[in-house]
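Student: I have a model open and want to learn how to read its packing. Can you take me through it, feature by feature?

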Amino acid sequence: LKQATLLSSNYIAAYSVQLYKTVLLLKNHSFIHQEGGLITMQQSIRIDVQQILPENFPLQCNIVYLPPPILTRYVTDAALLKEYDKLFNNLHLQFVHSTYFGPRGSTEASRSKHPFQKALADALPSTVKIIDPVDPYVMKMSLSKYMTNFQNIWTNKKRFNKMLNYVIIVLLRIHLAPERGRIKRERIANRTLNNRSRQQLHTESSSSVVK
């Protein structure tokens with residue numbers, strides 16, 4: 001039982017990394033519609049975050065670019081939208097398992113049925129290395145639990161709505177009340193600095209008492 005638990009953990013860790021790499025592709029790649037209907041991934045120019053901020057707005061993080069936008073045709077064409085909506089559903093998660101962890105990989109027939117999933121898999125060749133072989137039943141049960149947790153987290157639209165609403169609120173504050181926003185940022189920065197100073201003084205005082 002202990003060995004099975006260890007192998008299951010190793011498999012899920014490797015699977016999670018592979019799925020994360022798949023998601024990260026969308027940070028700087030876009031789906032491109034080629035002649036003949038073939039869909040591929042192509043590196044795209046990302047959006048400079050400064051384009052949606054006021055001129056000379058001070059950036060306080062390392063985020064300089066935003067992911068490229070989705071092409072309009074993928075949300076206006078009913079057939080393409082239907083396929084696009086299948087990204088990262090249970091069938092796609094199973095497809096990721098078959099492609100990178102299955103004994104024979106995914107077949108060309110199954111890959112061709114879902115062009116967006118195929119494009120992601122083609123753009124990310126397998127580099128998975130699992131030292132100890134995992135029993136197929138263990139992988140099946142582990143993946144089933146992983147998919148349930150994954151869907152429970154991301155199928156709730158409130159999560160996305162809350163994040164997007166927050167982005168809109170922040171942008172409105174930056175553009176419509178820049179001075180108030182500047183004062184608030186300075187107040188937060190000063191408060192953080194004061195808290196660190198008090199913590200440092202407390203640490204030094206404690207050290208002196210111990211000595």
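The dialogue below goes through the core, a helix contact, a backbone angle and the aromatic pairs.

Tutor: One caution before we start. This is a predicted model.

Student: Understood. Which residues of the largest nonpolar core touch the most other members?

Tutor: The general idea comes first. In soluble globular proteins, nonpolar side chains tend to be buried together. Here the largest nonpolar core has 31 residues. Tyr-11, Tyr-15, Leu-19, Phe-31, Ile-39, Leu-87 and Phe-116 touch the most other members. Two or more residues each come from helix H1 (2-25), strand S2 (39-43), helix H3 (78-84), helix H4 (90-101), helix H6 (115-123) and helix H7 (136-154).

Student: Take Phe-116. What does Phe-116 touch, leaving out residues up to four places away in sequence?

Tutor: Its contacts are Phe-31, Ile-39, Tyr-74, Leu-80, Glu-83, Tyr-84 and Leu-87.

Student: Next, helix packing. How do the axes of H4 and H6 cross?

Tutor: Read distance, angle and handedness together. The two axes, of H4 and H6, come within 11 Å and cross at roughly 35°. The crossing of H4 past H6 is right-handed.

Student: Which residues meet there, in H4 and in H6?

Tutor: H4 brings Leu-91, His-92, Phe-95, Thr-99 and Tyr-100. H6 brings Gln-117, Lys-118, Leu-120 and Ala-121. By type, the contact of H4 with H6 has five nonpolar residues, three polar and one charged.

Student: Now the backbone. Which residue has a positive phi although it is not a glycine?

Tutor: Phe-88, with a phi of about 65°. Phe-88 sits in the loop between H3 and H4.

Student: Is Phe-88 buried or exposed?

Tutor: Compare its relative accessible area with the cut-off. Buried means under 20%. Phe-88 has 18%, so Phe-88 is buried.

Student: Last, the aromatics. How many aromatic pairs does a search of the whole structure find?

Tutor: Ten. For each pair, look at the ring centres and the planes. Tyr-15 and Phe-101 have centres 5.9 Å apart and planes at 40°, so this pair is tilted. Tyr-15 is in helix H1 and Phe-101 in helix H4, so the pair ties together parts 86 residues apart in sequence. Tyr-15 and Phe-101 are both buried.

Student: What are the distance and angle for Trp-154 and Phe-160?

Tutor: Their centres are 5.8 Å apart, with 40° between the planes. This aromatic pair is tilted. Trp-154 is partly exposed, at 39% relative accessible area. Phe-160 is partly exposed too, at 34%.

Student: Which residues form one aromatic cluster?

Tutor: Tyr-11, Tyr-15, Phe-101, Tyr-146 and Phe-150.

Conventions
Residues numbered from 1 in each chain as written. Predicted model: local features only at pLDDT ≥ 70, side-chain atom pairs only at ≥ 80, totals over all residues. Heavy atoms only, no water. Core = buried A, V, L, I, M, F, W, Y, C linked by side-chain atoms within 4.5 Å. Buried < 20%, exposed > 50% of the residue type's maximum accessible area, 1.4 Å probe, protein only. Helix = DSSP H or I, 4+ residues; strand = E, 2+ residues; numbered from the N terminus. Contact = heavy atoms within 4.5 Å. Axes fitted to C-alpha atoms, helices over the stretch in contact; angles between N-to-C directions. Left-handed = near helix turned anticlockwise from the far one by under 90°. Nonpolar A, V, L, I, M, F, W, Y, C, P; charged D, E, K, R; others polar. Phe/Tyr/Trp six-rings, centres within 6.5 Å; stacked < 30°, edge-to-face > 60°.
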